[in-house]
Amino acid sequence: MTDLQTPLDLTTRVILETTQHSYLILDRDLVVQAVSTAYCRMTGATEQELLGLNVFEAFPPNPDDPDDGFQRVLLSMQGVLADGRTDTLEVRYAIPDRTQPGRYVNHWWRITHAPLMQDGVITGILQNSMDITSEVTTARDANIREALVDNLSDIAFWEFCPSEGTAIVSEAQSRMFGLPPTPGVTSAEPFINRYLPEDRARLIETFASLEDAPAGTPVDVEYRMQIPDEDIRWVRLRGDLVREDPRDPARFVGISMDVTTARRREEALASTIAERDRLLEQKQLLLDEVNHRIKNSLQIVSSILNLDAHAAVGDEARSRLQGAASRVRAVASVHEMIYKTGQVTTVEIGGYLADLCDTLQASTQGKVTCRSDTLHCSTDKAISLALLTNELVANAFGHAFGDRVDGCVEVTCEATDEGMALTVQDDGIGKQGSSGKGLGTRIIASMVMQLGATMQEGPADFSDGKTSQGGPGPGHRVLVRVPLKD
Amino acid sequence: MSSDSAPKPDSDASLDVLIVEDEVLIAMDLEIQIEEAGHSVVGMAVDVDSCQAAARTARPDVVLMDLRLRGGDCGEDAARWLREELDVPCIFLSGNIDEARVARLNSLSPVAIIGKPLLSGRLTAALAKVCHGDTV
């Protein structure tokens with residue numbers, strides 16, 4: 001072996017301790033003979049950990065990394081030992097992380113191997129290493145970024161550094177903003193100036209407020225932009241804050257999207273909705289007006305009949321007019337219920353019948369009571385039911401009591417499975433002969449038919465005892481079963 | 001209601017009623033119904049001005065107030081004046097009673113709000129309430 005047999009001279013030792021460069025001296029077996037202090041600092045290894053070891057034992061290749069530069073470094077060394085020529089190579093070679101056994105740290109190196117000669121014989125290798133990791137990765141990042149901008153040329157891509165007022169933009173971004181293409185770093189100002197003044201201020205404020213935000217902070221904002229002599233457009237900016245080092249200024253990377261169409265559609269939709277609301281409001285106003293007119297007119301008809309009845313000469317005429325007034329009132333007052341509930345198609349008939357009974361009570365000498373469940377039915381049926389109830393109660397007062405003034409009529413309105421059961425009963429003299437062919441009787445029959453109802457008659461049955469039964473006769477009871485379910 | 005305009009506590013008492021209704025046939029009908037219920041009609045008015053004039057002279061216990069009056073006048077305004085100047089309550093009559101309107105009218109502490117076409121039982125009941133000193 002032609003190893004470095006002689007110990008290092010003092011000069012060499014001082015140089016190795018003081019140089020800022022990383023040197024390693026190997027013998028022909030690639031065993032570490034000497035190392036510079038800078039080399040130890042660079043690799044994180046101590047002199048003791050390296051001296052006397054084969055360099056590939058000192059820096060074992062990463063077993064999990066088949067693309068590692070081990071082979072190239074070995075070949076370079078063997079070449080130097082073989083023909084004595086200096087060799088330089090750039091290589092990725094992971095070195096062990098001395099603080100975490102088993103782990104490797106990736107590095108890029110520029111390594112120069114020079115032969116050490118003694119008496120014309122190659123006795124070893126002087127290795128000079130430079131860590132070029134950051135140089136390589138920076139260049140690679142730049143390449144990736146450039147490639148990205150090229151690949152995304154039809155996407156409005158941008159990189160924006162607010163604190164420096166600079167940007168890197170894709171062609172599409174320039175196109176969107178009506179600006180000439182600007183490869184490389186350019187001023188962001190022409191782009192910012194395209195935004196409408198009030199939006200521009202908000203944009204600047206938004207990015208300024210994120211200056212100290214952590215990397216990865218998302219940005220998603222929308223502003224109005226205008227190219228001179230063109231329509232205002234909406235641009236949506238979506239991106240992320242990028243920062244390699246916390247001390248670096250914030251940079252934002254993202255894309256611009258023209259969302260004008262979506263915005264215009266929204267605006268059109270909003271105005272359509274506003275127009276619809278206006279029409280609905282107008283419709284409601286008209287409906288209110290018509291409703292008011294109908295009710296007022298019905299009130300006038302009802303009032304005319306009342307006045308006629310009041311002015312009539314003769315009991316027969318007065319009684320007929322009162323009957324007519326009562327019928328009109330029964331029909332007309334259903335309209336009041338319609339509006340009160342705010343529903344045009346249904347009426348709460350139970351409460352309505354109670355009110356109707358109060359009114360009938362007021363126009364007769366006897367007593368009318370009403371018990372009713374809460375029941376909803378269509379407006380048509382409510383009118384029929386109102387008329388029917390009006391006639392049944394009027395009938396009772398017309399025929400049941402003779403000269404009595406304390407006659408009682410009870411109206412009950414109960415919910416049943418198929419609809420409702422309307423009962424009108426009195427404590428009068430009971431059914432006398434046939435019903436006859438009076439107008440009231442005919443109206444009752446018509447309403448029963450119109451409602452698809454069934455009617456039963458019989459003696460009164462005040463089983464609940466709620467109504468006084470001082471009458472001399474068996475009383476009379478009419479039960480009408482009305483289907484309400486359609 | 002305040003004590004100085006408080007009506008008689010007796011439910012059979014006769015009230016002095018002012019009718020404010022621009023539809024004269026309806027007003028006449030109301031007059032009959034009120035009188036048949038045992039009360040007196042002390043005046044008829046068709047708009048805010050005639051209402052104020054009649055109320056000042058007749059000093060009614062209660063006013064039967066239509067909400068739409070002659071010349072586009074609003075019964076609500078007349079009612080507010082009656083409440084503020086004379087502390088006289090109203091029974092409102094209207095063809096249109098929606099929730100928003102009821103809420104506004106309730107701020108005037110009316111005796112009742114009755115829909116048109118009116119069932120006389122409701123009017124009688126409202127007048128009876130005045131006799132008892134109730135408002136809604």
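**Chain B, then the sheet in chain A**

Modeller: Of the 136 residues in chain B, 46% are buried. Keep in mind that this is a predicted model.

Biologist: How many helices and strands does chain B have?

Modeller: Chain B has five helices and five strands. Along the sequence they follow the pattern β-α-β-α-β-α-β-α-β-α.

Biologist: And what share of the contacts in chain B with a separation of 6 or more is between residues 24 or more positions apart?

Modeller: That share is 62% in chain B.

Biologist: Over to chain A. What is the strand order in the open sheet?

Modeller: The order is E2-E1-E7-E6-E3 in chain A, five strands with antiparallel pairing.

Biologist: Which strands stand at the edges?

Modeller: Strand E2 (32–35) and strand E3 (87–92) of chain A do. Each has a single partner strand, so one side of each is left without a neighbour in the sheet.

Biologist: How much are neighbouring strands turned against each other?

Modeller: By 25° on average, direction ignored.

Biologist: How many bridges join E1 and E7 of chain A?

Modeller: Six bridges join strand E1 (residues 22–27) to strand E7 (residues 121–131) in chain A, and the two run antiparallel. Within E7(A), Gly124(A) is the residue opposite Asp27(A).

Biologist: Which helix packs on the sheet?

Modeller: Helix H5 (residues 70–83) of chain A does, touching E3, strand E6 (108–118) and E7 of chain A. The direction of H5 makes about 170° with that of E3(A).

Notes. Residues are numbered from 1 along each chain as its sequence is written. Chains are lettered from A and ligands numbered from 1 in the order in which they are written. This is a predicted model: local features need pLDDT of at least 70, side-chain atom pairs count only at pLDDT 80 or more; totals for chains, interfaces and linings use all residues. Helices (H or I, at least four residues) and strands (E, at least two) are DSSP runs, numbered from the N terminus. A residue is buried if 20 or more other C-beta atoms lie within 10 Å of its own, exposed if 12 or fewer, and partly exposed in between; C-beta atoms are placed from the backbone. Two residues are in contact if their C-beta atoms, placed from the backbone, lie within 7 Å. Two strands pair if DSSP finds at least two bridges between them. Axes are lines fitted to C-alpha atoms, for helices over the stretch in contact, and angles run from 0 to 180 degrees between N-to-C directions.
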